[in-house]
Amino acid sequence: MENEISNKPLRAPFPWFGGKSRAADLIWSRFGDIANYVEPFAGSLAVLLSRPHAPRTETINDLDCFVANFWRAVQAVPDEVARWADGPVNEADLHARHRWLLAQLPAHRERMEHDPEYSDAKIAGWWVWGLCLWIGTGWCRQRGHGCPHDSSLPASPPTQLPHLGDAGRGVHRKIPHLGDAGRGVLIETFQLLQERLRRVRVACGDWSRVLGDSVTWRHGTTGILLDPPYADGEMEYAAGGDGVAAECAAWARENGENRQLRIALCGLEGEHDMPGWECVPWKARGGYGSQRADGGNINRHRERIWFSPHCLRPDKGQLKLI
């Protein structure tokens with residue numbers, strides 16, 4: 001069992017809408033073997049987990065306290081997270097845990113933001129268990145992006161069925177050739193993630209908090225992946241209208257000439273005006289948009305990544321660390 005799991009590339013044990021797994025190779029080709037890596041919108045960590053080089057200094061952040069807590073808990077107590085994440089598909093449990101997790105939110109967010117060593121394995125396990133069952137958007141969210149301070153419990157439970165359409169997603173996925181390995185597979189998966197994330201610093205809060213000099217270029221040549229909620233698109237967080245994407249683009253333009261920084265800014269075609277930056281198209285997975293009545297998701301063909309002037313250009317033979 002060990003070889004069949006450990007030889008596979010690491011990835012998050014949950015689905016993540018808007019993840020950049022298909023763009024990871026492209027991003028690392030522009031970053032190279034950097035001394036320092038910063039990801040202010042962590043999500044599923046698809047790019048970090050796909051890094052082709054030995055890890056060096058790495059910092060991740062997410063405003064969503066459930067996301068940040070999951071990665072902290074996997075670092076600290078992966079076996080405990082696996083225990084809470086292991087459970088059958090049960091619609092009543094899904095609705096009850098959704099409400100329970102939201103009820104914990106105020107106190108949980110307070111501790112996540114002020115205690116860098118705090119994590120809760122039960123919250124992490126139940127969150128990832130439900131995320132892998134939930135259909136569409138809205139799991140443990142009420143308004144806007146992440147876990148906003150004004151979140152409130154829903155007036156009534158969700159009405160949709162849990163994910164039943166195939167052999168399962170994330171922690172519920174059936175792994176071929178391993179039989180009914182159950183929690184043992186989850187424990188090993190989380191232990192592998194623990195080892196990879198052992199020295200990664202996990203922050204929880206506003207994206208700009210991890211972009212100061214002391215977190216970025218003072219550690220050496222730094223790759224920064226800016227993957228904010230898109231201002232345009234058919235995504236849950238697009239409805240927030242909080243201007244995060246525009247703020248990220250403004251920060252990127254102001255800092256793009258720093259030779260110590262290699263910045264990748266993600267967005268949709270036409271979303272950002274980045275003079276002097278390389279704009280590269282790529283195609284994402286279909287996501288929930290594929291379930292629309294017309295069976296398509298136009299935005300997956302509009303994905304773009306803008307790379308700052310001091311990123312590497314493999315087409316020009318620039319592969320060495322500057």
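Student: Is Cys248 buried or exposed in this structure?

Tutor: The model is a predicted one. Cys248 counts as buried because its relative accessibility is 0%. Cys65 is likewise buried, at 0% relative accessibility.

Student: How many disulfides are there?

Tutor: A disulfide is a covalent bond between the sulfur atoms of two cysteines. In this model the count comes to zero disulfides.

Student: Let us turn to charged side chains. How many salt bridges does the structure hold?

Tutor: The structure holds twelve salt bridges. One of them pairs Asp33 with Arg51, with 3.5 Å between the closest N and O atoms. This pair links distant parts of the chain, 18 residues apart: Asp33 lies in the loop between α2 (24-31) and β1 (36-39), and Arg51 in the loop between α3 (46-49) and β2 (57-61). Asp33 is partly exposed, with a relative accessible area of 34%, whereas Arg51 is buried, with a value of 8%.

Student: What is the N to O distance in the salt bridge between Arg313 and Glu278?

Tutor: The side chains of Arg313 and Glu278 meet at 3.4 Å, N to O. This pair links distant parts of the chain: Arg313 belongs to the segment after β7 (303-307) and Glu278 to strand β6 (residues 278-281), 35 residues apart. Arg313 is partly exposed, at 23% relative accessible area, and Glu278 is buried, at 15%.

Student: How many residues of α2 are buried?

Tutor: Six of the eight residues of α2 are buried, and the helix is mostly covered. The buried residues are Ala24, Leu26, Ile27, Trp28, Arg30 and Phe31. Their cover includes β1, α3, β4 (222-226), β5 (261-268), β6 and β7. After α2 comes Gly32, with a positive phi near 75 degrees. Arg30 has a further contact of interest: its charged end sits over the ring of Phe307, 5.6 Å from the ring centre. Lys122 likewise places its charged end over a ring, that of Trp126, at 4.6 Å from the centre.

Student: How many aromatic pairs does a search of the whole structure find?

Tutor: The search finds 14 aromatic pairs. Among them, Phe14 and Trp16 are edge-to-face, with 5.9 Å centre to centre and 70 degrees between the planes. Phe14 is buried, at 6% relative accessible area, and Trp16 is partly exposed, at 24%.

Student: Why is the pair of Phe41 and Trp207 stacked?

Tutor: The planes of Phe41 and Trp207 stand at 25 degrees with the ring centres 6.3 Å apart, so the pair is stacked. The two residues lie in distant parts of the chain, 166 residues apart: Phe41 in the loop between β1 and α3, Trp207 in the loop between β3 (201-203) and β4. Both Phe41 and Trp207 are buried.

Student: Which residues do ring pairs link into a cluster?

Tutor: The cluster contains Phe14, Trp16, Phe70, Trp71, Trp127 and Phe190.

Note on methods
Residues are numbered from 1 along each chain as its sequence is written. This is a predicted model: local features need pLDDT of at least 70, side-chain atom pairs count only at pLDDT 80 or more; totals for chains, interfaces and linings use all residues. Side-chain values use heavy atoms; hydrogens and water are left out. A disulfide is a pair of cysteine sulfur atoms within 2.5 Å. Buried means under 20% relative accessible area, exposed over 50%, partly exposed in between (1.4 Å probe, protein chains only). A salt bridge is a side-chain nitrogen of Lys or Arg within 4 Å of a carboxyl oxygen of Asp or Glu. Helices (H or I, at least four residues) and strands (E, at least two) are DSSP runs, numbered from the N terminus. Contact means heavy atoms within 4.5 Å. Rings of Phe, Tyr and Trp (its six-membered ring) pair if their centres lie within 6.5 Å; planes under 30 degrees apart count as stacked, over 60 as edge-to-face and the rest as tilted. A charge sits over a ring if NZ of Lys or CZ of Arg is within 6 Å of the ring centre and within 35 degrees of the ring normal.
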